[in-house]
Amino acid sequence: MTSIPSISLLFVLAMCAVLWAAAPAAPQGKRGIQKLSFGQLPDGQAVDLYVLTNQTGMCVKVMTYGGIITELHVPDRQGVPGDVVLGFDRLEDYLKGHPYFGAITGRVANRIAKAAFTLDGKNYTLAVNNGPNALHGGIRGFDKALWNAVATESREGLSVKMTYVSVDGEEGYPGNLTSTVVYTLTDHNELKIHYQAETDAPTPINLTNHSYFNLAGAEKGNVLQHTLKLNSSFYTPVDAGLIPTGEILKVEGTPLDFRTARAFGERISQLKPNPGGYDHNFVLDGPDGIMKPAAEVYDPGSGRLLEVATTEPGIQVYSGNFLQGDIRGKKGIAYGQHAGFCLETQHYPDSIHHPHFPNSVLRPGSVYRQTTLFRFRTR
Ligand code: GLA
């Protein structure tokens, strides 16, 4: 005869079996760095893909073409990993052209008005690729460069260090500029990006990463329900061509006030002029050049929380306004408007034309440095 205690034991065992079956999938790979081939450029040069996996199973994939983050797998609140960045499965799709998915943007991220500037009395004309302006380094910016890469491991985590030499005159910019970008994945689910550069002639510089995040998962529709919190009391307004007017205005009383967390979609239609959503440079509160909290984005559905800290004075919040559903990304999914958001830590756009903005000119003998940390948690 079955006794009561053995029935409860059976029940407990059955529950354990159910929970076991529902337990998160085991991390895809073991902690470490893998180097894989990701194909070839049209001129035959090989493109490598570095796969960094930490001890909790968080995994980031970065390729040497454009220093592009192609995949970023982080756990949701149940511990189930999901890829939270937009992009493609194959190199060929990146080569066809795309709106900077995951890429390092430079030599100067964002816009330079009229694609021209004067520095130390000399006039420079840049490649024009956005109306009359220069955007994200020009026609062949750092997002299309083939970077040299080496993998390293330190107490901080697993790293891939990328180097690119942009020669004097490239896209119109002065000076031979050597840039290194180190992606480090820590065991605390942080992705740290450290940028460093030196030049042999004065040049404007502004390096950032243009990842489009969707914390629900890259294939999960739009990010309008995600909430955003920004450590920012001021922003730099722009004209109809998205060129800063030079003013630095308070966010207070505008749809740009994210000092307390608000959903991306909540006030997006109130923006004036409305470039289809958020595409604004926010001035970060706190000192330049040292790490400070910048942004927090939370997806209530998955429970994923992204915290961003940076040494930079500004952050471009871009809500994927120009995505129109005509680009098919990973798994063939069409990316519609607001399918992802970018948090581009940066110097203010068009700083070269606004002497009262923080200096963006690098001179020989000085070292450009910027560090940005993306930390993933769940709530
Ligand atoms: C940045 C700019 C946007 C747009 C995207 C790329 O975020 O601020 O205006 O150019 O890059 O599509």
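Colleague: What makes Ser232 count as buried or exposed?
Modeller: Please keep in mind that this is a predicted model. Ser232 has a relative accessible area of 1%. Buried means under 20%, so Ser232 is called buried.

Colleague: Where does Ser232 lie, and what does its side chain reach?
Modeller: Ser232 lies in strand E18, which covers residues 232–236. The side chain of Ser232 reaches the backbone oxygen of Val283 at 2.9 Å. A polar contact is a pair of N or O atoms within 3.5 Å, and 2.9 Å is the value for Ser232 and Val283.

Colleague: In which order do the strands of the open sheet with E18 come?
Modeller: The order is E19-E18-E21-E24-E25, and the pairing is antiparallel.

Colleague: Why are E19 and E25 called edge strands?
Modeller: Strand E19 (249–250) and strand E25 (342–346) each pair on one side only.

Colleague: How do you know that E24 and E25 pair?
Modeller: Two strands pair if there are at least two bridges between them. Strand E24 (residues 314–318) and E25 have 5 bridges in the antiparallel sense, so by that cut-off they pair.

Colleague: What about Asn321: where is its place, and is Asn321 buried or exposed?
Modeller: Asn321 sits in the loop between E24 and E25. The relative accessibility of Asn321 is 2%; the cut-off for buried is under 20%, so Asn321 counts as buried. The side chain of Asn321 reaches the backbone oxygen of Tyr278 at 3.0 Å.

Colleague: Which residues of strand E17 point to which face?
Modeller: In strand E17 (residues 227–230), Leu228 and Leu230 point to one face and are buried.

Colleague: How many bridges join E17 to E20, and how many pair E17 with E22?
Modeller: E17 and strand E20 (residues 262–263) run antiparallel and are joined by 2 bridges. The rule asks for at least two, so E17 and E20 pair. With strand E22 (residues 292–298), E17 pairs over 4 bridges, again in the antiparallel sense. Leu228 has Arg262 as its bridge partner in E20, while Leu230 has Ala295 in E22.

Colleague: Which strands make up the open sheet that contains E1?
Modeller: That open sheet has 5 strands in the order E1-E2-E3-E4-E5, with antiparallel pairing. Its edge strands are E1 (32–40) and E5 (81–83), as each of them pairs on one side only. From one strand to the next, the twist averages 20°.

Colleague: How do you know that E1 and E2 pair?
Modeller: There are 7 bridges between E1 and strand E2 (residues 46–53), in the antiparallel sense. The cut-off is at least two bridges, so the pairing holds. Among the partners are Gln40 and, in E2, Ala46.

Colleague: What do E8 and E9 form?
Modeller: E8 and E9 form a hairpin with 2 residues between them. Asp120, in the turn, has a positive phi of about 50°. Strands E8 (residues 116–119) and E9 (residues 122–125) run antiparallel and are joined by 4 bridges; Phe117 has Tyr124 as its partner in E9.

Colleague: What makes Tyr183 count as buried or exposed?
Modeller: Tyr183 has a relative accessible area of 0%. Buried means under 20%, so Tyr183 is buried. Tyr183 lies in strand E13 (residues 177–185), and its side chain joins that of Asn209 in a polar contact of 3.2 Å.

Colleague: How many disulfides are there?
Modeller: The count comes to 0 disulfides. The rule asks for a pair of cysteine sulfur atoms within 2.5 Å. As for burial, Cys59 is buried at 4% relative accessible area, and Cys342 is buried at 0%.

Colleague: Which residues are closest to the ligand?
Modeller: Of the 14 residues that surround the ligand, the closest are Arg111, His136, His210, Asp279 and Glu344. A ligand oxygen atom is 2.8 Å from a side-chain N or O atom of Arg111, and the value for His136 is 2.8 Å. For the side chain of Gln316 the distance is 3.3 Å. The protein covers 95% of the 310 Å² of accessible area that the ligand has on its own.

Technical notes:
Residues numbered from 1 in each chain as written. Predicted model: local features only at pLDDT ≥ 70, side-chain atom pairs only at ≥ 80, totals over all residues. Heavy atoms only, no water. Axes fitted to C-alpha atoms, helices over the stretch in contact; angles between N-to-C directions. Buried < 20%, exposed > 50% of the residue type's maximum accessible area, 1.4 Å probe, protein only. Near = heavy atom within 4 Å. Polar contact = N/O pair within 3.5 Å; in protein donor to acceptor, adjacent residues only side chain to side chain. Areas by Shrake-Rupley, 256 points an atom, 1.4 Å probe, with all protein chains shown as cover.
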